[in-house]
Amino acid sequence: MSEATVDATVDSSRRTWLITSCAMGGVGAAAVAVPFVSSFQPSERAKAAGAAIEVDISTLQPGEKRVVEWRGKPVWIMRRTPEQLAALEKQEDQLADPNSDRKTYPTPEYAKNRHRSIKPEVLVAVGICTHLGCSPGDKFTPGPQPSLPDDWQGGFLCACHGSTFDVAGRVFKNKPAPDNLEVPPHYYLSDTTLLVGEEKKA
């Protein structure tokens, strides 16, 4: 066997070894990269946390409030009584932002009305005080009560710092909360089903 033949055989085996090594290295790099890149994708739980949620309100009785979770926030869905709706007008002069004009928590156009909702009887609001993030409690019974005015018409009281809201989630004047309760995007899929987390597409 000539020296040239030996060199060609050695070069050929080196080339094969180099190609095999590169291929195996590429496979190894891909095996490491795929889970690494996948870790940047949001988890199914994270996707679900931001997703819109359907809520059946067919069994919601007048005066009853239901709490659902959307994006980690409590969302109140309340069916207001005729008396509660009538009371919304009585204290407007005591409210800090009766028409929901402030921009800290912009109110959707379809909720820029006295009842702050699409359907007057159904309130949809994020149950987090706009002051420091406490969750206000229900104070639906009208009349004098501790921490409430004598002409109280019913609404919500934040026990953390005393902010009060009417049953439309509008904050009263001279309270720590700077804004009305947030109204999340929502619309009706049917008369009895709400979709919270999305606005109706035109």
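Guide: Let's start at tryptophan 76: the charged end of lysine 65 sits over its ring, 4.0 Å from the ring centre. For a charge to sit over a ring, NZ of Lys or CZ of Arg must be within 6 Å of the ring centre and within 35 degrees of the ring normal. Before we go further, please note that this is a predicted model, in which local features need pLDDT of at least 70 and side-chain atom pairs count only at pLDDT 80 or more, while totals for chains, interfaces and linings use all residues. Residues are numbered from 1 along each chain as its sequence is written, and side-chain values use heavy atoms, with hydrogens and water left out.

Trp76 belongs to one aromatic cluster together with Phe140 and Phe156. Across the whole structure, the search finds three aromatic pairs (rings of Phe, Tyr and Trp, using its six-membered ring, pair if their centres lie within 6.5 Å; planes under 30 degrees apart are stacked, over 60 edge-to-face, the rest tilted). Phenylalanine 140 and phenylalanine 156 form an edge-to-face pair, because their planes stand at 80 degrees, with ring centres 5.5 Å apart. Since phenylalanine 140 lies in the loop between E5 and E6 and phenylalanine 156 in strand E6, the pair ties together parts that are 16 residues apart in sequence. Helices (H or I, at least four residues) and strands (E, at least two) are DSSP runs, numbered from the N terminus.

Phenylalanine 140 counts as partly exposed because its relative accessibility is 21%. The rule is that buried means under 20% relative accessible area, exposed over 50%, and partly exposed in between, with a 1.4 Å probe and protein chains only.

Serine 147 and leucine 157 are 10 residues apart along the chain, and 8.3 Å separates their C-alpha atoms.

Now for the cysteines. There is one disulfide by the rule used here, which asks for a pair of cysteine sulfur atoms within 2.5 Å. The partners are cysteine 134 and cysteine 160, with sulfur atoms 2.1 Å apart. Their link is left-handed, at -105 degrees about the S-S bond. This pair links distant parts of the chain, 26 residues apart: cysteine 134 is in the loop between strand E4 (122-126) and strand E5 (137-139), and cysteine 160 is in the loop between strand E6 (155-157) and strand E7 (164-166). With 40% relative accessibility, cysteine 160 counts as partly exposed.

Cysteine 129, by contrast, is in no disulfide; the nearest cysteine sulfur, 3.9 Å away, belongs to cysteine 158. Cysteine 129 counts as buried, because its relative accessibility is 4%. Cysteine 158 is in no disulfide either, and its nearest cysteine sulfur is that of cysteine 129, at 3.9 Å. Cysteine 158 is buried too, with a relative accessible area of 2%.

Back in the part of the chain where we began, look at arginine 71. Arginine 71 is placed in the loop between strand E2 (65-70) and strand E3 (73-79). Its phi is positive, about 55 degrees, although it is not a glycine. Arginine 71 counts as partly exposed, at 49% relative accessibility. Serine 100 also has a positive phi, near 55 degrees, in a residue other than glycine. That serine 100 lies in the loop between H3 and E4, and it is buried because its relative accessible area is 1%.

One more charge rests on a ring: lysine 119 lies over the face of tyrosine 188, 4.4 Å from the ring centre.

Finally, step back to the whole chain. Its secondary structure comes to three helices and nine strands, which run α-α-β-β-β-α-β-β-β-β-β-β from the N terminus. Of the chain's 202 residues, 34% count as buried.
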